[in-house]
Amino acid sequence: MYKKLTAGLLLLSMIALPGLSYNAAQAKTPQKTAIKPKVIKTVNTDVTGDKIADNIKLIGLKKYSDSPYYDSIALKITTGSDKKVLISYLDNMSGIEPKMFIGDFSGDKVKDVMINAATGGSGGIVNNRIATIKGGKINIIFDEDDNQGLALTGKFTDGFKADMNVKNLDKKFTIDLDAFKDSYIKDGIYDADGKLKEEVEPWADGFSLLEPIEYNMDGTLYLRGIQGISGAYHANRISNMESLWKYTGSKWEPINVTYTTSLVFK
């Protein structure tokens, strides 16, 4: 946490003070290669609602110059009307190949900024943030907690089943595990008759996909998310959940959720 915070503060200081060099900031710890913040993407469009194009920059800082991974990511906006500079260090936002999308998620007819970056982990998780610009400030309306998606609890039960509960919705559903029964019997989780021998609690990762979609065709964007549900171990993907999310003005709410059951697994 200390290292990540240090990287973020360094990134902020370098964006705010162009004259500060990375070598000067790190004089006590010389490195072979000077690593400078990189402008990953620039878009010119109105995100303040005054009908004047603003300059939006997605900026990243790498710990190692030859790495595809950005340890810190920031958003810098220069307003078109008065050239005011707004900067937001995106807390705990890092990843590979960061991308930026501009569109209206809040429903106020003013464009917002969505940023995502792949974490590079085995679960295929993608970090996502959405920012809206109000009152001369960058406000994060989709943060790290939102990125966890649907919160699940569950357990394996007799008959090669998994009983699940979506805490966000207080809804229950059952996943058929018959496609995995041979490996579960081999691993001693079930016996041949489907009697559970070992307690297993499935879990859901955060979003492996989160994308903006038109839903009501009124100009306001929704979010379509995909999450994987793991069973006996992480690579044991027993289901995928697809959810549709709407911003209500203060929080994101799921308005539709579907899940899959595997019929055949090889």
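Hi everyone. Let's start at Glu 253, which is partly exposed, with a relative accessible area of 32%. Its salt-bridge partner is Lys 251, and the closest N and O atoms of the two are 3.7 Å apart. Lys 251 is partly exposed as well, at 46% relative accessible area. Before I go on, please keep in mind that this is a predicted model.

Arg 224 forms a salt bridge with Glu 242, with 3.0 Å between the closest N and O atoms. Arg 224 sits in strand β15 (residues 221-230) and Glu 242 in strand β16 (residues 237-247), so this pair ties together parts 18 residues apart in sequence. Arg 224 is partly exposed, with a relative accessible area of 22%, and Glu 242 is partly exposed, at 32%.

Next, please find Lys 161 and Asp 176, whose side chains meet in a salt bridge at 3.5 Å, N to O. This pair links distant parts of the chain, 15 residues apart: Lys 161 belongs to strand β11 (residues 161-166) and Asp 176 to strand β12 (residues 171-176). Lys 161 counts as partly exposed at 30% relative accessibility, and Asp 176 is partly exposed at 28%.

Now for the rings. The structure holds 12 aromatic pairs. Take Phe 142 and Trp 252: their ring centres are 5.7 Å apart and their planes stand at 75 degrees, so the pair is edge-to-face. Phe 142 is in strand β9 (residues 137-142) and Trp 252 in strand β17 (residues 252-259), so to speak two distant parts of the chain, 110 residues apart. Are these two residues buried or exposed? Both Phe 142 and Trp 252 are buried.

Phe 156 and Tyr 190 give us a stacked pair, with 6.1 Å from centre to centre and 20 degrees between the planes. Here Phe 156 comes from strand β10 (residues 152-157), while Tyr 190 lies in the loop between α3 (181-186) and β13 (203-204), 34 residues apart. Phe 156 is buried, with a relative accessible area of 3%, and Tyr 190 is buried at 0%.

Phe 142 and Trp 252 also turn up in one aromatic cluster, together with Phe 101, Phe 105 and Tyr 247.

One last stop, where a charge meets a ring: the charged end of Lys 62 sits over the ring of Tyr 70, 4.9 Å from its centre.

Terms used. Residues are numbered from 1 along each chain as its sequence is written. This is a predicted model: local features need pLDDT of at least 70, side-chain atom pairs count only at pLDDT 80 or more; totals for chains, interfaces and linings use all residues. Side-chain values use heavy atoms; hydrogens and water are left out. A salt bridge is a side-chain nitrogen of Lys or Arg within 4 Å of a carboxyl oxygen of Asp or Glu. Helices (H or I, at least four residues) and strands (E, at least two) are DSSP runs, numbered from the N terminus. Buried means under 20% relative accessible area, exposed over 50%, partly exposed in between (1.4 Å probe, protein chains only). Rings of Phe, Tyr and Trp (its six-membered ring) pair if their centres lie within 6.5 Å; planes under 30 degrees apart count as stacked, over 60 as edge-to-face and the rest as tilted. A charge sits over a ring if NZ of Lys or CZ of Arg is within 6 Å of the ring centre and within 35 degrees of the ring normal.
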